[in-house]
Amino acid sequence: MNAISRKDFLKKGAVAGAVGAAAVALAYCKKKGGEEASAPSAGGCSDVSGLTQAEKDTRAQLKYMDKSDQEGKACNGCALFVPAAAGAACASCNLVKGPISPEGYCTSWVKKG
Ligand code: SF4
């Protein structure tokens with residue numbers, strides 16, 4: 001029978017944990033690399049090709065911009081902001097449809113409570 005001492009068990013667990021952490025880090029780096037490769041070079045989060053005309057109009061009417069020009073007001077500080085999913089380059093918004101930059105802004109900005 002293969003008896004494992006507590007010490008051996010802990011050692012093997014530590015090695016397995018380190019291997020697992022390395023695998024997660026590697027997967028994250030690969031994902032980051034893919035994002036960079038697929039991220040728009042200059043457009044940021046302004047690709048509205050998947051939106052309806054009404055959604056584009058709302059975006060324009062609310063003057064959404066990828067980079068806020070209002071000091072202390074950016075999408076990531078707005079109550080309507082929805083953070084990006086893990087691995088996604090852009091976030092979203094409960095009001096403005098389409099990709100949203102955390103550093104963006106629109107005229108419907110509401111301070112996060
Ligand atoms: S409402 Fe405007 S400022 Fe607020 S998260 Fe949406 S796009 Fe950004």
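**Exercise 1.** Determine which residues make up the largest nonpolar core of this predicted model.

*Solution.* The core has 11 residues in all. Its members are Cys45, Tyr64, Cys75, Cys78, Phe81, Cys93, Val96, Ile100, Tyr105, Cys106 and Trp109.

**Exercise 2.** Identify the contacts of Cys75 beyond its neighbours within four places in sequence.

*Solution.* Begin with the core: Cys75 is one of its members. Next, list the partners of Cys75, which are Phe81, Ala91, Cys93, Ile100, Ser101, Pro102, Glu103, Gly104 and Tyr105. Finally, compare the two sets: Phe81, Cys93, Ile100 and Tyr105 are in contact with Cys75 and also belong to the core.

**Exercise 3.** Describe the surroundings of the ligand.

*Solution.* The ligand is surrounded by 14 residues. By class, the shell holds 12 nonpolar and 2 polar residues, with no charged ones.

**Exercise 4.** Locate Ser46 and classify it as buried, partly exposed or exposed.

*Solution.* Ser46 lies in the loop between α1 (6-38) and α2 (53-61). A residue counts as buried at 20 or more other C-beta atoms within 10 Å, and as exposed at 12 or fewer. Ser46 has 17, and is therefore partly exposed. Ser46 and Tyr64, 18 residues apart in sequence, have a C-alpha to C-alpha separation of 9.0 Å.

Methods
Residues are numbered from 1 along each chain as its sequence is written. This is a predicted model: local features need pLDDT of at least 70, side-chain atom pairs count only at pLDDT 80 or more; totals for chains, interfaces and linings use all residues. A residue is near a molecule or strand if its C-beta atom, placed from the backbone, lies within 6 Å of it. Ala, Val, Leu, Ile, Met, Phe, Trp, Tyr, Cys and Pro count as nonpolar, Asp, Glu, Lys and Arg as charged, and the others, Gly among them, as polar. A nonpolar core is a set of buried Ala, Val, Leu, Ile, Met, Phe, Trp, Tyr and Cys residues joined through C-beta atoms within 7 Å. Two residues are in contact if their C-beta atoms, placed from the backbone, lie within 7 Å. Helices (H or I, at least four residues) and strands (E, at least two) are DSSP runs, numbered from the N terminus.
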